[in-house]
Amino acid sequence: MYSSILFLGYIAGNRYLKIVKPLNTYVIQRLRSAKILSVGTWCTIFVLGLSYVFLKGEKKLKTNLETACLEFRGGFGVYWHLTLHTGGTILFLLVLIALCFFYFQTLKQLERSPSSSSSKKQLKAKNNI
């Protein structure tokens with residue numbers, strides 16, 4: 001789930017750079033950088049998810065069906081669980097703020113673009129298809 005949120009933010013940032021600053025090429029827009037960012041994202045999310053397996057704790061399970069996630073953890077696992085969920089919430093909020101910024105800036109740029117020439121270009125592009 002967190003990986004899809006991050007990739008959505010990456011795509012929005014890439015669109016923002018291509019529309020708002022079309023003549024500039026940044027390092028992040030190169031294929032090699034995109035591959036490194038993608039593999040790094042997947043590896044980080046995988047390692048953080050795998051940590052749940054190793055830090056599950058050794059508590060005995062109760063027969064009561066109404067249990068919370070933290071009751072299955074013990075020691076450092078409780079703090080790690082809270083840290084991961086707090087970090088995930090902060091990550092979600094940061095990507096949400098970035099998405100709002102990218103899309104509003106892109107919208108402003110598209111509204112500033114000349115409409116008559118763009119409609120001529122669209123008509124010409126449509127004829128070329």
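Which helices each supply at least two residues of the lining of the largest pocket? In this predicted model, helix 1 (2–20), helix 2 and helix 3 each do so, and the largest share of that lining, nine residues, comes from helix 1. The lining residues that lie nearest the centre of the largest pocket are Tyr10, Ile11, Asn14, Ile28 and Leu37, while by class the lining divides into ten nonpolar, five polar and two charged residues.

The second largest pocket has Tyr2, Ile45, Leu48, Leu84 and Gly88 nearest its centre, and the elements that give two or more residues to its lining are helix 1, helix 2 and helix 3. Here the largest share, six residues, is that of helix 2, and the lining holds seven nonpolar, six polar and no charged residues.

| Pocket | Volume | Lining |
|---|---|---|
| Largest pocket | about 340 Å³ | 17 residues |
| Second largest pocket | about 270 Å³ | 13 residues |

Helix packing

Helix 2 (residues 31–54) packs against helix 3 (residues 76–112) at an angle of about 155°, their axes being 11 Å apart. Since angles over 145 degrees count as roughly antiparallel, helix 2 and helix 3 are therefore roughly antiparallel to each other, and helix 2 passes helix 3 in a left-handed crossing. On the side of helix 2 the contact is made by Leu48, Ser51 and Tyr52, and on the side of helix 3 by Trp80, His81, Leu84 and His85; these residues divide into four nonpolar, three polar and no charged. Leu48 and Leu84, which take part in this contact, are also among the residues nearest the centre of the second largest pocket.

How values were computed:
Residues numbered from 1 in each chain as written. Predicted model: local features only at pLDDT ≥ 70, side-chain atom pairs only at ≥ 80, totals over all residues. Heavy atoms only, no water. Axes fitted to C-alpha atoms, helices over the stretch in contact; angles between N-to-C directions. Helix = DSSP H or I, 4+ residues; strand = E, 2+ residues; numbered from the N terminus. Parallel < 35°, antiparallel > 145°, perpendicular 65-115°, else oblique. Left-handed = near helix turned anticlockwise from the far one by under 90°. Contact = heavy atoms within 4.5 Å. Nonpolar A, V, L, I, M, F, W, Y, C, P; charged D, E, K, R; others polar. 1 Å grid on protein atoms, 1.4 Å probe; cavity = no way out; pocket = protein on both sides within 12 Å on 5 of 7 lines; lining within 4 Å. Points joined across faces, edges and corners; volume = space filled by probe spheres on them.
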